[in-house]
Amino acid sequence: MTKLIQIRDYIIAIVLLVLAWQVYITLFNVPLYVLPSPLEVGTAFWNMVTSKDIFLHFGVTFSEVLIGFIIGSLFGFAVGYLISKVKMIEDALMPYILIAQTAPKIALAPLFVIWFGLGLLSKIVLIVSMVFFPVMLGTMFGLKDISYNLKCLMKITGLNWWQRIFQIELPHSLPFIFSGLKVGMIQAVIAAIVAEWISGQNGLGFLLIFSSTTYDSAGLFSAIIYTIILGVMYFQLINILENKFLFWHESKQFQNKN
């Protein structure tokens, strides 16, 4: 019932936004090249579907985000685990990781093209660099949040390394890890679009640049909507996985409130 109410609220918000958009254009006589009407954007949106061009661009960005997100998440989890377990590794790596993360990676995207070429590799590297840090932090904070008593329990029960990870450490850290994954997913979509701006010959980022340079404002807005759809799809996928694996976490919070 709650989900139905949320969907209803989203629909109402979208309808109000479209109405306000149309009223603004009508009252102030805004030209097409500045802000197209909802009908013009909807027509361009549908024309992309009927021409089937959008499926190529959407699929390219979809696959880039998926590959980069998986690699970046695995890399972030591995480094976060090592840092949380070995103080020497944390002291050795954290300064370099912080320096690398404070550097504007979006501005470094042209360098990635020079280093790794115009193909898929440069895009994946940029996406991985954006996903890595939030997942690493989520993993690190989640593992460090394990209480001293729970660590003692793992030693007393004689759990081996795999049992510790999958029975205690990973389940306990999942709320933190999923928080990092959510941030990382948004970053992955942004990175893919930026990479396609610079070196893409297809993809949603390329479609945005092409529409902008050809002064196709309706097509530009349509491409933005497709990008939003892609981001929402992936974010909701993370939500579904979180609800599947963290059902016990919600019940625990409910018990604590009572």
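Phe-62 is partly exposed in this predicted model, with a relative accessibility of 29%, where buried denotes under 20% relative accessible area, exposed over 50%, and partly exposed the range in between (1.4 Å probe, protein chains only). Tyr-234, by contrast, counts as buried at 3% relative accessibility. Because the model is predicted, local features need pLDDT of at least 70 and side-chain atom pairs count only at pLDDT 80 or more, whereas totals for chains, interfaces and linings use all residues. Residues are numbered from 1 along each chain as its sequence is written, and side-chain values use heavy atoms, with hydrogens and water left out.

Rings of Phe, Tyr and Trp (its six-membered ring) are taken to pair if their centres lie within 6.5 Å, and planes under 30 degrees apart count as stacked, over 60 as edge-to-face and the rest as tilted. The count under this rule comes to 10 aromatic pairs. Phe-62 and Tyr-234 form a stacked pair, at 4.9 Å centre to centre and with 25° between the planes. Since Phe-62 belongs to helix α3 (residues 53-85) and Tyr-234 to helix α10 (residues 217-245), this pair ties together parts that are 172 residues apart in sequence; helices are DSSP runs (H or I, at least four residues), numbered from the N terminus.

The pair of Phe-206 and Phe-210 is likewise stacked, because the ring centres are 6.1 Å apart and the planes lie at 25°. Both residues are in helix α9 (residues 204-213), four residues apart, which is about one turn of the helix. Phe-206 is partly exposed at 26% relative accessible area, and Phe-210 is also partly exposed, at 45% relative accessibility. Elsewhere, Phe-112, Trp-115 and Phe-116 form one aromatic cluster.

Terms used. Helices (H or I, at least four residues) and strands (E, at least two) are DSSP runs, numbered from the N terminus.
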